[in-house]
Structures are given as structure tokens and as C-alpha cells.
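Subject: Structure handover

Hello,

Here is the structure you will be taking over. My notes on what was found in it follow below.

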Amino acid sequence: MKPQHKILLHKVNLFASEKISSCWDALLFFIGIPAISKNNSDNVLLFVGEHLQTRIPRLAKWIKRKSDYTLILVSYKKGFVKEYSDSCFNNVYLFRNKWHLKRILKQITHISLVHGFATKSQFANTARTFLNKPYVHDMQDVYTIYYDKNTTLKWLKKELPNEAACLTQADGIVAHSMEVNPALRILKPIKRPKTIFFPLYCDNDFFQENTKKIDTNDIHLVYAGGVVGSHRNPAQYGNIQFHGLIKTLTEQKLHFHIYPSPSLILADYEEYKQLDKDNPYFHFHAPVPQQQLAKELSKYHFGILLFFRSLSEQSNLKFKYATTLKLFNYMEAGIPVLVSEDVIYQNWILNRYGAAITINEKSVKVIREKILQSNYAEFKENITRNRENISIGKNIDRLINFYSTILKSKH
């Protein structure tokens, strides 16, 4: 079966299972049959969303260390990634549709604050309206700014109203990227929600020491994150279709390693496994849990963050303001980054902390020369000296205090 057919079948299965189960759960909701036992915990901080994002367990772990909240995670079953989860949650509940979600939420008492998370905001918005509790919305990627003109993507048209409702009606916004600001300028809320800019940050628990040196004949580059095959639409996915980059880097006899995100569908990266077999300089690895990722990345010399404007139809705003967790994963690993000049904010932050070589599309062909001309020891020293300042451990109190501000404003 072709990859595109496998993905279509996957989507059909998701849609069918959600719709069929919704009929049953709607009936159980209206006749009052609970989905879980009622919890008796106090001071509950409820995390709820569709696709569990890596950043959420990273935050939750530090919140638990520094506060007295009881942490409960409610996540869509089909969007729950075991490799992203963490034992920091007191309870984890997985729902199969919006009615099952409501049946679960009805049993969770003593909720102090709801922390809804995106990328997709549909189920977070359901929780926001159903619970009517103090609510903060957590965003990294903001679909409102993805495209300059009206989108033709059906799933995105369905998602945008939920995202807009959460961004304009939340009591607070946790902005992990700067994308929230232009989105709010577009949406023009009557009253702008309180907002905290809380970058993804490095996790202090994962810091690695870099003892490597550059060997002219053995240079290893690494990328961790989303990848898709050639069957996907390049207008949407062009920057994570790596065939051209693989060719350009390996022709320079640079070893290029890819670690796909654990949340990906196998059909999206099957062809990369074949490329691994055919190209001695390209290495495609199995997904690695977040807790092990920095240690794995520390084996290599440079991280890769080479997203170029010409390869995608995503908007200038997206390229200007976006951020990605891999940026901080690379710094946790102690390795500098080859970063595109087109991702303006990410390029700025990496160079601010002396951790990057900036690359444009033309200079991709001479990356080997740029690496050999750089001062690798200085990169390592800069990262070790600066990453504590941009760590979750140093900054988590800001988020906890933000919660307190929201709660005070609601009383």
C-alpha cells in the first residue's frame, strides 16, 4: 500500500472511531453514567488538550517540584504519546471524543485552574466552556498566522474558530513563541487576555557535557523532530521533506542523522529507512523519548535547524516568530546549531547565546567549510555558560506566579 493510502486509511479510522463512539458517550453523558470515579484531590491544576505536546510534561514536572498543585492530565487517546508523558501527573485520563471528555471532566472536582494546550484547540475549547473555571491557553504554533491568505485546508478551517475562541476568551495565555502577538493583532479581542511569554526553555535535568572536537574526516550533524515523505504536499510540509538536504549534506561527506518524532505515522518516514540503506552518510534512527533525547543528541557535533522560506507556503509571520523545542534540546545536549537565517527569532536567540552558525540557502552547499572555519571550543563554552539562564528550572516560578495572578483576578 502506498504511503498516502496508509495515511488516508489512518485518518478514516480516526474519524470513524470518534464518530461511532460519540453516539454511545453522548447517551451515557445525558443519562448520567460517569466515565471515571470522582476524584477527591484538592487544588487541581488540570492540563487538557488534543495532542499531548512534549512541552507539557516538561512544564508539569517542574510545576510539581515548585508548587502544591495536584496535577491531572486529560488527553485525547489518539493524540497521547507515551514517550512524551511523565510520572509527574497524579492522574492521567484519556478520552475518545468530546462527550467522553465531558464525562471525565464532570468527575474531576476542586479544579483551581485549567491549563489547555494546543496545537489543535478543539478539545481544550470544549473543556474551557464546559467547566467555566479559570482558564489559561498554552500555545507554541498558532495556526491563525500560518498562511497569508485564506486557507483552503479543510481541517484548518475547522480548527481556526476554536483557536480564536481560546486566544480571545481565555483568562490568560502562556505563549511559548512570539506567534501569539501577531495572532492577537489579527483577532482583535475586546479585552486582551493576560499573557506570559514563556519560551520552551532547556530542561536542567537533561544537560550534557560536550567533550567532542571537530575531526575533518568525521563530522556528524543531527536533526530531531518532524519528518514526512515525498507524498505529502510540499506547500505545507516542504521544510520537513529532507531529501534535498540529505543529498546536499552527504555530498559534502557530512554524516547526517535524523531522529523522527515519536508522534509520527510510520507511513511518513518509511522512505527514509531506504535512503539510510543506500547512503553511507545518512543515518535514520528510531524515535527516542524526550527523557533520553539530549543524551542521544550529544553524540553529534551540530544540530540542524534549516527551514527555508522558499520551501514552504507558510507565511512570513510564521517564519519570523516561530520557535521549536529542538532548539533547546540541542542546547541541553551541549551542541551548537546550524540555523537558517529565514527563521528570524530562532536565529536571533541562538546567536545571542553564541551557539550557532547562520546558514542561507546558498551556503548550505559549503556547510563543511563553514564548520571547519568556526571555533567549536568557543561554541561549547558559550552553551555551557548560558543555558542555565534559559532553563525551566530558573524560570518556572514566573509561570507559577502567573497562575496566581490569574486566580486572584477571578476572585
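Contact here means heavy atoms within 4.5 Å. This is a predicted model, in which local features need pLDDT of at least 70 and side-chain atom pairs count only at pLDDT 80 or more, while totals for chains, interfaces and linings use all residues. Residues are numbered from 1 along each chain as its sequence is written, and side-chain values use heavy atoms, leaving out hydrogens and water.

Aspartate 138 is part of strand S5 (residues 135-139); strands are DSSP runs of E, at least two residues, and helices are runs of H or I, at least four, numbered from the N terminus. Because its relative accessibility is 0%, aspartate 138 counts as buried (under 20% relative accessible area; exposed is over 50%, partly exposed in between; 1.4 Å probe, protein chains only). Beyond its neighbours within four places in sequence, aspartate 138 is in contact with residues including Arg55, His115, Phe117 and His176. The C-alpha atoms of aspartate 138 and phenylalanine 117 are 4.5 Å apart, although 21 residues separate the two in sequence.

Glutamate 163 sits in helix H5 (residues 154-169). Among the residues glutamate 163 touches, not counting those up to four places away in sequence, are Thr119, Met139 and Tyr143.

Isoleucine 31 lies in the loop between helix H1 (3-30) and strand S1 (44-49). Isoleucine 31 counts as exposed because its relative accessibility is 55%.

Regards
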